[in-house]
Amino acid sequence: MPERLAPPIDDSAEEGDVVLELRGVTKAYLRKGGSPLPAVNHVNLKVRRGEVLCLMGTSGSGKSTLLRHINRLIEPTSGEVLIEGQAISGLSHKALRDLRSRRIGMVFQHFGLLPHRTVLDNVALPLELRGESEAVRHAAATRQLQAMGLEGWGEHYPHELSGGMQQRVGLARALVTDPDILLMDEPFSALDPTIRRDLQRHFLALVRERGITTLLVTHDPAEAVRLADRIAVLRQGRLVQSGTPKQLLETPADAEVADFFRDCLPAAPVLHDAGGAVRQVPETAPKAQPVQPGLRSWQALLLGPAALAARGRGGLFWLGFAAELAALATAVQGIASASWISVVVGLALLAASRFTAYSLSRQPVRRAVSSWALPLAVLLVSQALVIWRVLTPDTTQAFLQFPASRQALLLTAQSLDDFIGWSQVTFESAFVGVIVAVRTVIEGIESLLGWLPWPVCALALVLLAWRSAGMALALTSSAALLYIGLFGFWERTIATLALVGSSVLIALVIGVPTGILLAKRPFARRLLTPLLDVMQTLPTFVYLIPAVAFFSVGKTPAVIATVIFALAPMIRLTSLGIQEVPKDAVEAAIAHGATPWQTLVKVQLPLARRSLLLGINQTIVMSLSMVVVAALIGAGGLGYDVMTALRNIKGGEGVLAGVAIVLCALIPDRIIQSSLRKQDHLHN
Ligand SMILES: Nc1ncnc2c1ncn2[C@@H]1O[C@H](COP(=O)(O)OP(=O)(O)OP(=O)(O)O)[C@@H](O)[C@H]1O
């Protein structure tokens, strides 16, 4: 970077007035290759009290990153931020939260409002986070809404407001704590031009009246010129120039700055480079991947499918691979049996496959080109083995039967048994603890449901169905109850519900915190994701093995096997739900002083509610799909009826018990689905 592009110190703010100072702030992110890439590069900047300073620059120039250093949403790699002379890097967690919830407000490009809260509660959020009473925060929020021209909208939800109104709510929330510093990250860019102008005027009047020091990120030069007292221009993370709009327009630091503000001048000057040619404004276009030329014809012909693999087309390689093996087998078989039709068909197929591979691998590609040696070796070895297999059908078994060792199997199985025996003795108290805990839950649910008179359970279910999904589901639930009662499945249904209920409860207790951990810690995600993949691909019966090995038979191992089976979707959907919470909403809470716990319970979990409910639904359905398998190890319930019917080849009884299981899955599924629909309706 040329020296002239980075003035070492911004001295255009007078010392006495300075409320905010950035000293040599640098933020470097590690790139994939490992070398750090500075998003912000040694920025020095001073901001005067009550000043509106616009951070300007093209996309990717580091504006948002720099802005987030001021409330420590981002920590600098080096350098420091001082507020009234005090370095904020030294603040304790509590002092930092105090700073955020009392002195700094923040407004986001996509508003960062919480869709599950009313407008009033959104505005009151910063006060709620610092523990103000409801009366105080609602009074303050109502005042701000009035100031923003939104009186009467407090009880509405954000989705009921226009974009401009939503940003007014965002502004009201940022101002509700009477901050003396306001950070705004492209606050007007998501609004249409008329609304934008209107809101800009309103915003300017408000911050001038209240004397708030404002840093506003924008990439719109006209907006910066219209609003700013001073503009700081960033390019590739460096501060290129700072000064009043007039200074920037009249004496731009270089041709690029001049270009940037060209449209804001009364008559746009045309910039010429040294040779006199008109210079274009540099655009920040994504770097195009270099185009890799196609293979030469002889290479493509010789390599065949391996050429496709070398061009990064793995899927087509395997298609070509299978086609060539089939073609070879047909042709060689034809030669061996003197069937010339087979020979012709085989050779035609081979030629077609080669030609397709040839033409596809001749096209230039934009992806990285990999080696062809290994795919070619695999192809040649496989072709040789196929030819050999066709020509010598009755000879050696060495390539047809994998060499097996029963002795190795028995030894390994014995070691596993030894390990299980050892862990049962060593961790006896832990095993007893698990057994007691699981048994308490399952027996607790079973005895409660069994103790209650059946009409109480039935009425509660019908009422729940009616309230959550309406009359149709209430009638379906009544019919289901009638079916279960009339055919004598009531007691077995209670046993099944106890099994499923305790499994779902335990899966929730383990799955939700694990899902949260996965969402928040990439390391945990990398570690556990392969395990979850394995868990979700195992057949249901396999889950019985660890449960029986460690916990023998009965209801406890049945619940444990069910929990292991049904846990993965609960973890995954919790993690997914938390990861999908809009970044603006999370940042808004943190920027206004939320602790990690407050961020989780007030923002992330409520916004992940849909995903959590889907997880619970999946867990219920999967637990119910395990009841027949669990009955094999003594879980009882409706699964036992199905199993007995199967054993005695009584299809009719099996069907009736099976339908009872389906009904147990259907009703909670409908209730949850309808609750999801209601939630979607509320927020869209
Ligand atoms: N968490 C991150 N990890 C790696 N690189 C990042 C991260 N955040 C930002 N960057 C990179 O830092 C540079 C500056 O990003 P930043 O978002 O601050 O730019 P900007 O000027 O605000 O752009 P825009 O106007 O598009 O929001 C970009 O190259 C971006 O890719």
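These legends go with close-up views of a predicted model.

**View 1. The shell of residues around the ligand.** Let's start with the surroundings of the ligand in this predicted model. Its neighbours are Y29, A39, T58, S59, G60, S61, G62, K63, S64, T65 and E186. By residue class, the shell holds seven polar residues, two nonpolar ones and two charged ones. Which helix gives the most to this shell? That is helix α1 (residues 63-67), with three residues.

**View 2. Polar atoms beside the ligand oxygens.** Here we look at S59, S61 and T65, which are among the residues surrounding the ligand. The side chain of T65 places an N or O atom 2.4 Å from an oxygen atom of the ligand. S59 also takes part through its side chain, with a polar atom 2.6 Å from a ligand oxygen. For S61 it is the backbone that matters here: one of its N or O atoms lies 3.0 Å from an oxygen atom of the ligand. How much of the ligand does the protein bury? On its own the ligand exposes 630 Å², and 57% of that is buried by the protein.

**View 3. Helices α5 and α6.** Two packed helices are described by the angle between their axes and the distance between the axes. Helix α5 spans residues 163-175 and helix α6 spans residues 193-210. Their axes come within 10 Å and cross at roughly 15°. Angles under 35 degrees count as roughly parallel, so α5 is roughly parallel to α6. As for handedness, α5 passes α6 in a right-handed crossing.

**View 4. Helices α3 and α4.** This view turns to another pair, helix α3 (residues 119-129) and helix α4 (residues 134-147). The two axes come within 8 Å, with a crossing angle of roughly 120°.

Terms used:
Residues are numbered from 1 along each chain as its sequence is written. This is a predicted model: local features need pLDDT of at least 70, side-chain atom pairs count only at pLDDT 80 or more; totals for chains, interfaces and linings use all residues. Side-chain values use heavy atoms; hydrogens and water are left out. A residue is near a molecule or strand if one of its heavy atoms lies within 4 Å of it. A polar contact is a pair of N or O atoms within 3.5 Å; within protein, one must be able to donate a hydrogen and the other to accept it, and residues adjacent in sequence count only if both atoms are side-chain atoms. Accessible areas come from the Shrake-Rupley method with a 1.4 Å probe; for residues, only the protein chains shown count as cover. Helices (H or I, at least four residues) and strands (E, at least two) are DSSP runs, numbered from the N terminus. Ala, Val, Leu, Ile, Met, Phe, Trp, Tyr, Cys and Pro count as nonpolar, Asp, Glu, Lys and Arg as charged, and the others, Gly among them, as polar. Axes are lines fitted to C-alpha atoms, for helices over the stretch in contact, and angles run from 0 to 180 degrees between N-to-C directions. Angles under 35 degrees count as roughly parallel, over 145 as roughly antiparallel, 65 to 115 as roughly perpendicular and the rest as oblique. A crossing is left-handed if the near helix is turned anticlockwise from the far one by less than a right angle, and right-handed if clockwise.
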